Amino acid sequence: MAKYKTALVTGGAGFIGSHIVDALIRRRIKTYVIDYLSTGNIKNLNPNAHFTKLSVTNPQFEKCVRRIKPDVIFHLAAQVNLRHSVVDPPNDARINIFGTLKLAHLAAEIGVKKIIYSSTGGPMYPENAKIPYSEKIPPQPISPYGISKRAGEMYLNYMYHVHGVPYVALRYANVYGPRQNAKGEAGVISIFSNAMLSGKSVTIFGTGKQTRDFVYVDDVVRANMFAMNKSVCGEFNIGTGKQSSVLTIFKKIKKITGYKMPVRFGAAAAGEVMRSALDAKKAKRSLGWQPKVKLDEGLEKTIKSFKKKK
Ligand code: NAD
């Protein structure tokens with residue numbers, strides 16, 4: 001018999017959350033979704049999920065979670081935009097810090113068996129640390145978004161030690177794949193793919209030599225499933241350990257889509273990190289997780305899904 005019968009996915013109408021919902025429903029776990037649809041889309045949502053449109057900042061949120069009384073919670077609802085967090089840090093904290101704290105507090109009260117938290121990798125580590133970043137490097141976030149994600153992890157750690165609610169915080173690299181919103185800023189693959197498929201111009205901000213670690217969404221979903229099923233607790237990097245430059249990504253997508261227009265270059269974003277990649281050896285050791293989908297394969301699948309949507 002399955003260990004968990006009922007799951008709650010906050011942010012389950014979003015890019016990553018909706019794929020987690022699909023995986024839970026495939027496992028015949030009764031799945032509830034709370035999402036404010038601020039960046040998510042109801043079209044992403046599996047019709048077998050039980051959906052409530054609600055913000056984690058709304059007082060009704062607590063009542064709703066108590067009513068659902070889930071065995072396991074996947075917490076993805078968040079202010080996800082690093083630049084917005086710089087413009088309005090209190091709003092970022094209201095959603096990301098207080099939302100997570102409220103949920104962790106409730107989880108202790110209603111006896112949730114596990115919380116799996118979507119955290120972040122790149123913004124967590126000091127830029128001058130050795131790449132790929134390992135969890136052994138003490139977090140030193142310098143953006144409000146990085147700080148709020150770290151605060152979420154720390155509150156979960158507190159709830160675990162004081163109230164015994166186990167948690168796994170998954171620190172993602174740059175996730176890409178079907179359903180990623182092209183309006184987002186971190187989703188360079190979805191932005192480039194959608195622009196090229198629509199014959200629109202593509203702008204690279206900076207030299208294009210800045211690197212990121214791109215991990216395919218199916219691999220991220222598998223990490224969440226392993227985190228649910230294994231008796232482990234703590235923070236885990238989820239990435240490939242490999243760096244790909246934005247220019248390389250541009251060229252690969254150009255080749256797949258047959259795009260002919262020249263690329264434009266714009267001013268680099270202030271404070272943008274030049275290099276980033278995550279060491280996921282701890283996830284391999286403790287969760288038995290490692291990425292399976294190679295970049296070329298993931299790009300093909302992603303572009304195919306965007307083409308189908310158009
Ligand atoms: P997304 O924007 O598609 O998903 C976030 C979801 O949360 C959306 O459906 C949105 O409507 C919902 N939401 C936002 N504010 C809410 C609120 N106040 N109340 C209820 N719902 C709210 O983004 P995503 O890429 O799927 O990100 C999912 C999670 O993973 C986030 O916590 C994000 O910080 C984290 N993450 C993502 C990446 C990435 O590369 N995509 C990397 C690191 C961490």
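Before anything else: the model is predicted, so to speak with care, local features need pLDDT of at least 70, side-chain atom pairs count only at pLDDT 80 or more, and totals for chains, interfaces and linings use all residues. Residues are numbered from 1 along each chain as its sequence is written, and side-chain values use heavy atoms, with hydrogens and water left out.

Okay, ring pairs. Phe, Tyr and Trp rings (for Trp, the six-membered one) pair if their centres lie within 6.5 Å; planes under 30 degrees apart are stacked, over 60 edge-to-face, and the rest tilted. That rule gives five aromatic pairs here. Take Tyr160 and Tyr167: their planes sit at 70° with the centres 6.3 Å apart, so we call that pair edge-to-face.

Tyr167 is buried at 2% relative accessible area, while Tyr160 is partly exposed at 32%. Buried is under 20%, exposed over 50%, partly exposed in between, using a 1.4 Å probe and protein chains only.

Next, Tyr176 and Tyr216, also edge-to-face, at 5.4 Å centre to centre and 65° between planes. Tyr176 is in strand β7 and Tyr216 in strand β10, so the pair ties together parts 40 residues apart in sequence. Strands here are DSSP runs of E, at least two residues, numbered from the N terminus. Tyr176 is buried, at 2%, and so is Tyr216, at 4%. Ring pairs also bring in Phe214, making a cluster with Tyr176 and Tyr216.

Last up, charges over rings, meaning Lys NZ or Arg CZ within 6 Å of the ring centre and within 35 degrees of the ring normal. Lys53 lies over the face of Tyr36, 5.6 Å from the ring centre, and Lys282 over Phe236, at 4.6 Å.

Notes
Helices (H or I, at least four residues) and strands (E, at least two) are DSSP runs, numbered from the N terminus.
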